Amino acid sequence: MNSHNPTDTDSASTRPMSVADIRESYAEYADRMHRLEWIDRVVMGRYRQARFGDVDGRVLDVACGTGTNFRYLPETVDLVGIDISPEMLANAADQLTELPIDGTLREMDAQQLEFDDDSFDAVISALSTCTFPDPVAALQEMDRVCKPEGTIRLVEHGRSDVRPIAKYQEWRAEAHYARNGCRWTQEPREVVSEAGLEVRETTTGLFGTITTFEIRPTRSDGQW
Ligand SMILES: C[S@@+](CC[C@H](N)C(=O)[O-])C[C@H]1O[C@@H](n2cnc3c(N)ncnc32)[C@H](O)[C@@H]1O
């Protein structure tokens with residue numbers, strides 16, 4: 001399994017928090033994130049809808065948090081959500097009861113998924129790789145558990161392509177990481193490429209801060 005190599009432009013990851021640190025920090029944010037989800041719907045809803053709105057079959061939401069993605073999934077999916085934080089998962093459970101979707105939730109580390117190879121028709125994840133101590137390992141795990149004919153979908157954030165916004169992000173990156181365990185200026189495309197994954201389609205939005213991906217599982221061998 002590869003390890004993510006921090007770069008100069010990714011300085012927050014030179015002092016990576018452990019999985020336990022991250023779990024602790026999200027225990028603190030879980031209820032607030034759930035309460036403020038309406039803001040996410042306004043800002044991020046269109047990106048989540050566009051990337052996740054057409055998945056089907058058995059779907060894994062990696063680092064599902066408070067379940068923000070769930071409302072964008074078709075009602076027919078058989079959903080499994082995993083997250084390292086029990087507090088985030090408690091809010092995700094509330095979310096599930098309010099939606100007409102069948103789902104189960106499990107506490108699990110995204111870097112060591114407890115599923116067999118080729119277990120899911122679709123693996124989705126949003127705003128997550130920035131918090132994983134080893135995002136490359138987590139992406140390779142997503143690839144492993146996805147069926148060869150399946151699909152991996154990501155909605156990630158990173159450095160803006162608008163210079164003043166990027167400057168601000170760089171200025172605040174260390175403080176943001178210390179407070180939220182989130183590498184604000186991580187380049188999602190670099191991490192996906194480092195994981196050896198093949199991007200089938202990608203989009204950017206919100207001044208370049210949001211990047212979405214449709215990824216072909218590495219074992220697909222022309223089955224798409
Ligand atoms: C910014 S939140 C995003 C949550 C959700 N995906 C969303 O889009 O709203 C990041 C989530 O990643 C989870 N997380 C961080 N490290 C993890 C790990 N190693 N394994 C599983 N979940 C992890 C956190 O607990 C948190 O719920």
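Salt bridges and one buried glycine

Student: In this predicted model, which residue forms a salt bridge with Arg216?
Tutor: The closest N and O atoms of the pair are 3.2 Å apart, and a salt bridge requires a separation within 4 Å. Arg216 lies in strand β7 (residues 210-216) and its partner in strand β6, so the pair ties together parts that are 18 residues apart in sequence. The partner is Glu198.

Student: Is Glu198 buried, partly exposed or exposed?
Tutor: The relative accessibility of Glu198 is 44%. Buried means under 20% and exposed means over 50%, so Glu198 counts as partly exposed.

Student: Which residue meets Arg51 in a salt bridge?
Tutor: The N to O distance in this salt bridge is 3.4 Å. Arg51 is in helix α2 (residues 37-52) and its partner in strand β6 (residues 198-205), 150 residues apart.

Student: How many residues apart in sequence are the parts tied together by Glu107 and Arg23?
Tutor: The side chains of Glu107 and Arg23 meet in a salt bridge, 4.0 Å from N to O. Glu107 lies in strand β3 (residues 102-107) and Arg23 in helix α1 (residues 19-35), so the parts tied together are separated in sequence by 84 residues.

Student: Leaving aside neighbours within four places in sequence, which residues is Gly67 in contact with?
Tutor: Gly67 sits in the loop between β1 (58-62) and β2 (78-83). Gly67 is buried, because its relative accessible area is 0%. With those sequence neighbours left aside, the contacts of Gly67 are Ala92 and Gln95.

Terms used
Residues numbered from 1 in each chain as written. Predicted model: local features only at pLDDT ≥ 70, side-chain atom pairs only at ≥ 80, totals over all residues. Heavy atoms only, no water. Helix = DSSP H or I, 4+ residues; strand = E, 2+ residues; numbered from the N terminus. Buried < 20%, exposed > 50% of the residue type's maximum accessible area, 1.4 Å probe, protein only. Contact = heavy atoms within 4.5 Å.
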